[in-house]
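Subject: Structure for you to look at

Dear colleague,

I am passing on the structure we spoke about, with the sequence alongside. Below it you will find my notes on what turned up, and I would be glad if you read them with the model open.

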Amino acid sequence: MFLTRSEYALIVFADRGVNTFSPEGRLFQVEYAIEAIKLGSTTVGVRTPDGVVLAVEKRVQSPLLESSSIEKIMEIDTHLGCAMSGLTADARTMIDHARVTAQNHAFTYDEKIKVESVTQAVCDLALRFGESVHDEEAMMSRPFGVALLIAGVDELGPQLYHTDPSGTFMRYNAKAIGSGSEAAQSELQDKWHKQMTLLEAQKLTLRVLKQVMEEKLDHHNVQLAQACVSLHSSRIFVTPQKGFAILDEVQLKEIIDAM
């Protein structure tokens with residue numbers, strides 16, 4: 001089958017345009033952004049009745065690189081945070097937007113924002129690529145090349161959401177994204193159960209990362225965080241005043257050694 005010049009031009013234009021549908025009804029640039037995430041670091045999130053655990057692979061590409069300078073998990077507010085896979089610079093823009101949204105809500109309503117509301121705000125931003133307002137230049141000339149796992153605790157209990165470059169978000173009990181996501185997601189489906197404790201979730205996320213990582217897992221090449229409902233006796237858990245916390249290397253080493 002041969003294409004006419006006009007048909008070929010339409011396909012090329014749809015392929016390169018960020019807000020033009022192809023004749024088949026697809027947005028290729030969004031699909032390319034989703035494919036780019038599959039090249040990113042493997043990221044795992046697990047929800048339990050007591051809280052949510054996030055774990056991310058940190059790719060230390062040189063022995064001269066300080067592993068502590070690689071940030072793949074970031075706090076949004078005291079009760080929620082997120083882990084990323086994809087372009088870190090794009091994630092920073094989205095996380096800054098989420099932080100401003102959370103603080104505006106706190107100042108306006110004198111309450112902590114719901115996890116779903118923050119997720120919705122992030123996805124609204126993801127849909128603004130190629131968009132200009134009042135003759136201003138577009139904020140982004142392409143879709144954001146990053147996916148987020150947003151975890152937190154609110155009045156509905158522990159929450160875990162996944163967002164992608166299309167602006168779609170879904171709630172999960174356990175989710176994996178990034179380069180090893182297919183094998184990791186299969187392992188999560190086999191091992192996750194509703195009565196899982198936070199400690200079991202920590203060990204599960206690290207075991208899943210261990211299976212998909214090329215390097216040996218240690219406290220330098222992974223990052224772990226959690227959002228808790230209440231205080232636990234073990235010192236590796238966070239306090240009631242800080243619902244979301246990123247574990248330091250000492251705490252992380254204790255969990256890895258216990259495995």
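This is a predicted model: local features need pLDDT of at least 70, side-chain atom pairs count only at pLDDT 80 or more; totals for chains, interfaces and linings use all residues.

The largest pocket has a volume of about 340 Å³, and 17 residues line it, with Ile-34, Lys-38, His-162, Lys-175 and Ile-177 lying nearest its centre. Besides strand E8 (174-177), helix H2 (28-37), strand E7 (169-171) and helix H5 (181-191) each supply at least two residues of this lining. Sorted by class, the lining consists of eight nonpolar, five polar and four charged residues.

For the second largest pocket the volume is about 200 Å³. Its lining is made up of 13 residues, and those closest to the centre are Ser-69, Ile-70, Glu-71, Lys-72 and Thr-88. Here the classes come to three nonpolar, six polar and four charged residues.

Turning to the sheet, five strands form an open arrangement in the order E3-E4-E5-E6-E7, and their pairing is antiparallel. Strand E3 (73-77) and E7 are the edge strands, and each has a single partner, so one side of each is left without a neighbour in the sheet. From one strand to the next, the twist averages 25°. Within this sheet, strand E4 (residues 80-86) and strand E5 (residues 146-154) run antiparallel and are joined by seven bridges; Gly-86, for instance, has Val-146 of E5 as its bridge partner. Helix H4 (residues 115-126) packs on the sheet, where it touches E3, E4, E5, strand E6 (157-163) and E7, and the direction of H4 makes about 160° with that of E5.

How confident is the predictor, and where does pLDDT stay under 50? The mean pLDDT of the protein is 84, and 83% of its residues reach 70 or more. Over residues 231-241, however, pLDDT stays under 50, and for this stretch the model has 24 contacts beyond four places in sequence. I would ask you to read that stretch with its pLDDT in mind.

With best wishes

Terms used. Residues are numbered from 1 along each chain as its sequence is written. Side-chain values use heavy atoms; hydrogens and water are left out. On a 1 Å grid over the protein atoms alone, a cavity is a set of points where a 1.4 Å probe fits but cannot get out, and a pocket is an open set with protein on both sides within 12 Å along at least five of seven lines; lining residues have an atom within 4 Å of a point. Grid points are joined across faces, edges and corners, and a volume is the space filled by probe spheres set on the points. Helices (H or I, at least four residues) and strands (E, at least two) are DSSP runs, numbered from the N terminus. Ala, Val, Leu, Ile, Met, Phe, Trp, Tyr, Cys and Pro count as nonpolar, Asp, Glu, Lys and Arg as charged, and the others, Gly among them, as polar. Two strands pair if DSSP finds at least two bridges between them. Axes are lines fitted to C-alpha atoms, for helices over the stretch in contact, and angles run from 0 to 180 degrees between N-to-C directions. Contact means heavy atoms within 4.5 Å. pLDDT is the predictor's confidence in each residue, from 0 to 100.
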